[in-house]
Amino acid sequence: MPRRGLILQTRTHWLLLGLALLCSLVLFLYLLECAPQTDGNASLPGVIGENYGKEYYQALLQEQEEHYQTRATSLKRQIAQLKQELQEMSEKMRSLQERKNVGANGIGYQGHKEQAPSDLLEFLHSQIDKAEVSIGAKLPSEYGVIPFESFTLMKVFQLEMGLTRHPEEKPVRKDKRDELVEVIEAGLEVINNPDEEDEQEDEDGPLGEKLIFNENDFIEGYYRTERDKGTQYELFFKKADLMEYRHVTLFRPFGPLMKVKSEMIDITRSIINIIVPLAERTEAFVQFMQNFRDVCIHQDKRIHLTVVYFGKEGLSKVKTILESVTSESNFHNYTLVSLNEEFNRGRGLNVGARAWDKGEVLMFFCDVDIYFSAEFLNSCRLNAEPGKKVFYPVVFSLYNPAIVYASQNVPPPVEQQLVHKKDSGFWRDFGFGMTCQYRSDFLTIGKYTLHLRIGLYVFTVLLYGNFLKGLRFYYFFIKL
């Protein structure tokens, strides 16, 4: 019995071995049948459903050769153009050197008169490149900054008054009137007839017609003169029914006006974080919040208020004032930071700037005795640019009303004292405490410092504002 089982098991092993050999043979025959032929006329594998032979690869090589020939021809052409430009530049340099030598030897200039227009244009463009129009300049201190003076259609707010000029007046001299009129007309020409490179989109009116700006759309302008280069003009235009502003920068390099740029500025979504360091002065804070309610809550509506309070005395009253404004005006966009330490304005501004945790924002460093208008807030938005420009308004300091209005029994209300007159105050051009700048720019300056980033930014110091000193309180007035 065991012998028969052994025989059956042996037969089964041989049967399985035979089946394995048979399968191997069938697989070998299949591979031989599918293997590619080795003769020269056989097709080579390629894309499924297509056969690529010798002709295909010859055509492919020819196409690549034509491509490289075309590329070589293009490079030769570029090299020839560069050689020609180099030769022209060398001839031009040689001509300038000859002209310089001719001028030094006292020989006449008539032989080069036909080249004067192009040389003059190059000189004017070089003046723009040298001026602080597109790039900043390294200065020894903040007092080296050349301030702007502002103007409207009717008035000029001037910094250097002397003994006869007023801080706010109509331009009396004909040359000054003609200059500003020409600048406004040139700005209108740039806007109404833009070039292809201008960064602005064509806008249509309500009936589909092209928008045409006129002098009534001029909002404000700023200008300053670099004595060795020329005069820079910053102009802002706005249609009454549109939210966007048109900004035009012009430069007069002691010659014809030359356009620098023309752009559209949208400030509809620009929020300003007003940061106010405060200690004790609760009565002044009441006056500040009254103006804040009228201007920021009722008119502008794009403001966040950050109050950094030092000490414990008066803190509860400040909280009560803010809660009162919240209940009356439904205003919740404010932050109150309490510090139990001595008052330090730089410390307060630094803490207030870091208290904002919603990303980039435009900040206005403000004192509790500041009085500003809605127009100033728009100027703050228009004249500050992250990484490029910081706006330092120049405030107007009013004299003590008890002295100015000594002939009256009672000084007039504060609103009637906010005027620009020579016998009532002066431009405080030496103060840099009020500033509009973006949060990222401030955080890169330092922990407790408020120094200018000289040499890195184009600093804009504009003549724009008023500061009122009262009997008991200090008011700052920033207004058109």
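Tutor: Let's begin with a pair in which both residues, Asp 217 and Lys 239, are buried (under 20% relative accessible area; exposed is over 50%, partly exposed in between, with a 1.4 Å probe and protein chains only). The model is predicted, so local features need pLDDT of at least 70 and side-chain atom pairs count only at pLDDT 80 or more, while totals for chains, interfaces and linings use all residues. Residues are numbered from 1 along each chain as its sequence is written, and side-chain values use heavy atoms, leaving out hydrogens and water.

A salt bridge puts a side-chain nitrogen of Lys or Arg within 4 Å of a carboxyl oxygen of Asp or Glu. The count by this rule is 15. Asp 217 and Lys 239 form one, at 3.0 Å from N to O. They join distant parts of the chain, 22 residues apart: Asp 217 lies in the loop between α4 (174–192) and β4 (218–226), and Lys 239 in the loop between β5 (230–237) and β6 (245–252). Such helices (H or I, at least four residues) and strands (E, at least two) are DSSP runs numbered from the N terminus.

Now try Asp 228 and Lys 229, whose closest N and O atoms are 3.0 Å apart in their salt bridge. Asp 228 is exposed because its relative accessible area is 54%, whereas Lys 229, at 15%, counts as buried.

Arg 381 and Asp 300 make another salt bridge, at 2.7 Å between the closest N and O atoms. This pair spans 81 residues, from Arg 381 in helix α8 (residues 374–383) to Asp 300 in helix α5 (residues 282–300). Both Arg 381 and Asp 300 are buried. Finally, shared partners tie Glu 226, Asp 228 and Lys 229 into one salt-bridge network.
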